Amino acid sequence: MTVRFDAVTVDWLGYATVRLEGQTGAVVYMDPGRYGVLEGYDAGDGDLILVTHDHHYDPDGIRRVARDDALVVVYEAVDADRIDRDVEPPEELPYTVERVRADESFAVGPLDLFTTPAYNHPDGPHTTADGEPIHPRGFGCGYGVTIDGVTAFWPGDTDVLEFHEELAVDVLLSPIGGSFTMDREEAADLAARMDPGLVVPIHYDTFEALETDEEAFVVDVARRGVPVALENP
């Protein structure tokens with residue numbers, strides 16, 4: 001199923017991969033690929049491709065979704081040499097590639113884009129065995145994009161951060177899987193504080209560590225008076 005909010009359609013394709021399309025035809029993909037979620041999917045229709053961090057960087061996924069003239073926006077810290085998979089550096093992809101920091105706002109043609117920090121708290125539950133955050137500060141980012149007047153926000157792989165509730169967004173693409181990000185209870189609390197026009201949960205059930213009760217999340221959010229929709233990949 002495809003979720004629609006005003007002039008924008010939202011398709012969650014699995015893991016962190018989301019496709020957004022505006023009424024005027026602009027197509028944006030967030031974190032395309034990994035774990036086979038795009039197997040057999042070769043749309044090649046993406047005008048703008050957004051990559052948040054190393055774990056979600058997938059050159060094959062990007063090739064499956066990007067137009068020949070696509071712009072690929074990659075967080076500045078994404079490092080092919082550090083990734084424990086055989087991947088080419090973003091700058092070697094056959095597209096225009098731009099690096100961004102985690103605190104930028106700019107226009108990409110008719111689209112407005114902003115980035116935010118994304119990380120796990122050092123004293124929180126999402127740390128390694130030696131006590132280091134799984135996603136340390138500076139490792140990744142979140143993205144907000146405005147298409148045809150609708151602002152969709154993907155926080156990235158992150159805990160709930162203080163500034164999140166200050167953001168004015170129409171569609172919140174909320175991670176709910178826990179283990180590496182906010183869990184469904186934390187995400188529901190955040191949704192209530194942000195009060196977006198619609199919440200669409202993503203980044204869950206792709207593998208065992210991300211398994212969660214998405215229907216309980218929907219009930220929790222709906223009881224707080226916030227519109228919410230499940231989009232099954």
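Is Arg-101 buried, partly exposed or exposed? With a relative accessibility of 42%, Arg-101 is partly exposed (buried is under 20% relative accessible area, exposed over 50%, partly exposed in between, with a 1.4 Å probe and protein chains only). The model is predicted, so local features need pLDDT of at least 70 and side-chain atom pairs pLDDT 80 or more, while totals for chains, interfaces and linings use all residues. Residues are numbered from 1 along each chain as its sequence is written, and side-chain values use heavy atoms, without hydrogens and water.

Arg-101 forms a salt bridge with Glu-104 at 4.0 Å, N to O (a side-chain nitrogen of Lys or Arg within 4 Å of a carboxyl oxygen of Asp or Glu). Glu-104, at 18% relative accessibility, is buried.

The structure has 15 salt bridges. In one of them, Glu-88 pairs with Arg-63, with 2.8 Å between the closest N and O atoms. Glu-88 is in the loop between S6 and strand S7 (96-100), and Arg-63 is in helix H1 (residues 59-65), 25 residues apart (helices, H or I of at least four residues, and strands, E of at least two, are DSSP runs numbered from the N terminus). Arg-19, Glu-21 and Asp-45 are linked in a salt-bridge network.

The largest nonpolar core has 75 residues (buried Ala, Val, Leu, Ile, Met, Phe, Trp, Tyr and Cys joined through side-chain atoms within 4.5 Å). Leu-20, Leu-48, Ile-62, Val-145 and Leu-173 touch the most other members. Strand S6 (residues 66-75) supplies the largest share of this core, seven residues.
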